[in-house]
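The following note sets out some points for discussion on the structure shown below.

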Amino acid sequence: MVIAALLTLTIALAWPVPRLMAGMTTFRRAPRAALVVWQSTTMGAVLAALFAAPAALPYVIGPTAALADNATQIAVAVAVSGLIAGRLIVSGHRVGTRLRAHRRRHRRLVDLLAVPVGADGSHAAHMRVIEHPTPTAYCVPGMRRRVVLTQGTLDSLPEDQLVAVLAHERAHLRARHDLILEFFTVIHEAVPSWFRCEMAMHEVKLLIEVLADRAAVRATGVVSTARAIVGMATGAVKPEGMLAMGESPSAARLRLELLQPGPVAGLPAGVAATVMYLFATSVVIMPVALLVVAWATA
């Protein structure tokens with residue numbers, strides 16, 4: 001029974017739940033809580049998959065059996081969980097290596113081609129300006145971070161909107177949104193392609209941008225941030241591994257509707273966020289509890 005529950009939980013959290021959540025757009029109004037729910041759902045699926053084989057062991061060999069007498073069964077359980085863990089580790093290595101290589105190469109190009117701003121050691125020392133007429137802004141995350149603007153951005157945006165753009169990019173760097181996105185990318189690429197949920201990745205990227213937009217709102221207000229988003233909606237392709245304020249016009253229109261918190265499913269934002277955090281906690285605890293139950297009741 002417990003094994004069936006763990007397998008059901010694995011499949012549910014990996015297949016129908018992400019697709020269902022992606023369609024519940026009202027939760028975008030509480031982006032931080034929604035992102036935590038996405039993380040906990042993903043972690044819950046991983047834990048349930050990892051714990052299925054260890055939870056079966058007490059039913060196969062008995063809870064008090066000598067380990068030396070059941071080496072084969074234990075080896076099979078370790079192999080099953082190890083296969084899942086190994087796939088995650090390989091995916092993590094591939095994704096991490098690829099992203100860091102992209103960022104390293106791009107940072108070198110930016111340092112070679114762009115003009116540094118704030119070279120006096122001020123907080124803007126990591127800013128770079130590229131001579132290009134298209135309004136574009138993005139950040140290169142990592143230990144040697146960069147905020148990159150084009151001359152077109154400086155020429156086309158008034159000061160308040162420029163403040164919004166910089167607040168948006170600095171929010172990405174300060175909160176290490178790149179690591180959150182990398183976590184989801186690792187899990188996404190670890191599962192077979194026919195099992196992946198592209199809508200989930202799209203939703204996570206949107207929530208991360210909304211969080212950065214709201215940091216910009218706190219810095220310079222709703223109107224300036226909204227105008228900055230519209231001004232940067234050129235549809236320019238951002239380099240892989242970077243985080244950028246500019247999006248396609250359709251994505252920008254979506255973000256404009258989420259600049260301010262509002263009721264979530266008819267509930268005040270604070271109440272809804274609390275419910276979402278409780279749900280997120282329960283999803284992570286559930287596979288751990290099932291594993292404990294398996295060994296306690298077998």
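1. Overall architecture. The model is predicted. Its protein chain has eleven helices and five strands. Along the principal axes, the C-alpha atoms fill a box of roughly 75 × 45 × 35 Å. Of the 298 residues, 46% count as buried.

2. Salt bridge R28–E203. The structure holds eight salt bridges. In one of them the side chains of R28 and E203 meet at 2.7 Å, N to O. R28 lies in the loop between α2 and α3 (31–61), and E203 in helix α8, so the pair ties together parts that are 175 residues apart in sequence. R28 is buried because its relative accessible area is 10%, under the 20% limit for that class. E203 is buried as well, with a relative accessible area of 4%.

3. Salt bridge R98–E189. Here the side chains of R98 and E189 meet at 3.0 Å, N to O. Because R98 belongs to helix α4 and E189 to helix α7, the pair ties together parts that are 91 residues apart in sequence. R98 counts as partly exposed, at 29% relative accessibility. E189 also counts as partly exposed, at 28%.

4. Salt bridge R128–D111. A further salt bridge joins the side chains of R128 and D111 at 3.3 Å, N to O. The pair links distant parts of the chain, with R128 in strand β2 (residues 127–130) and D111 in helix α4, 17 residues apart. D111, at 29% relative accessibility, counts as partly exposed.

5. Salt-bridge network at R103. R103, R176 and D178 are linked in a network of salt bridges. R103 lies in helix α4 (residues 71–113) and is buried, its relative accessible area being 6%. For a sense of distance along this chain, R103 and A273 are 170 residues apart in sequence and 34 Å apart in space, C-alpha to C-alpha.

6. The structure holds three aromatic pairs. W15 and F195 form a tilted pair, with 5.5 Å centre to centre and 35° between the planes. W15 sits in the loop between α1 (2–14) and α2 (16–23), and F195 in the loop between α7 (177–190) and α8 (198–220), so this contact ties together parts that are 180 residues apart in sequence. The pair of W194 and F195 is edge-to-face, because the ring centres are 5.3 Å apart and the planes stand at 80°, an angle over the 60 degrees that this class requires. W15, W194 and F195 form one aromatic cluster.

7. Positive surface patch. Which residues form the positive surface patch? The patch is formed by R104, R105, R108 and R144. R144 is found in the loop between β3 (137–140) and β4 (146–150). R144 counts as exposed because its relative accessibility is 52%, over the 50% limit for that class.

Technical notes:
Residues are numbered from 1 along each chain as its sequence is written. This is a predicted model: local features need pLDDT of at least 70, side-chain atom pairs count only at pLDDT 80 or more; totals for chains, interfaces and linings use all residues. Side-chain values use heavy atoms; hydrogens and water are left out. Patches are made of residues with over 30% relative accessible area and no salt bridge: like charges are joined within 9 Å, nonpolar side chains (Val, Leu, Ile, Met, Phe, Trp, Tyr) within 5 Å. Accessible areas come from the Shrake-Rupley method with a 1.4 Å probe; for residues, only the protein chains shown count as cover. A salt bridge is a side-chain nitrogen of Lys or Arg within 4 Å of a carboxyl oxygen of Asp or Glu. Lys and Arg count as positive and Asp and Glu as negative; His and the chain ends are not counted. The place of a charge is taken as NZ of Lys, CZ of Arg, CG of Asp or CD of Glu. Helices (H or I, at least four residues) and strands (E, at least two) are DSSP runs, numbered from the N terminus. Buried means under 20% relative accessible area, exposed over 50%, partly exposed in between (1.4 Å probe, protein chains only). Rings of Phe, Tyr and Trp (its six-membered ring) pair if their centres lie within 6.5 Å; planes under 30 degrees apart count as stacked, over 60 as edge-to-face and the rest as tilted.
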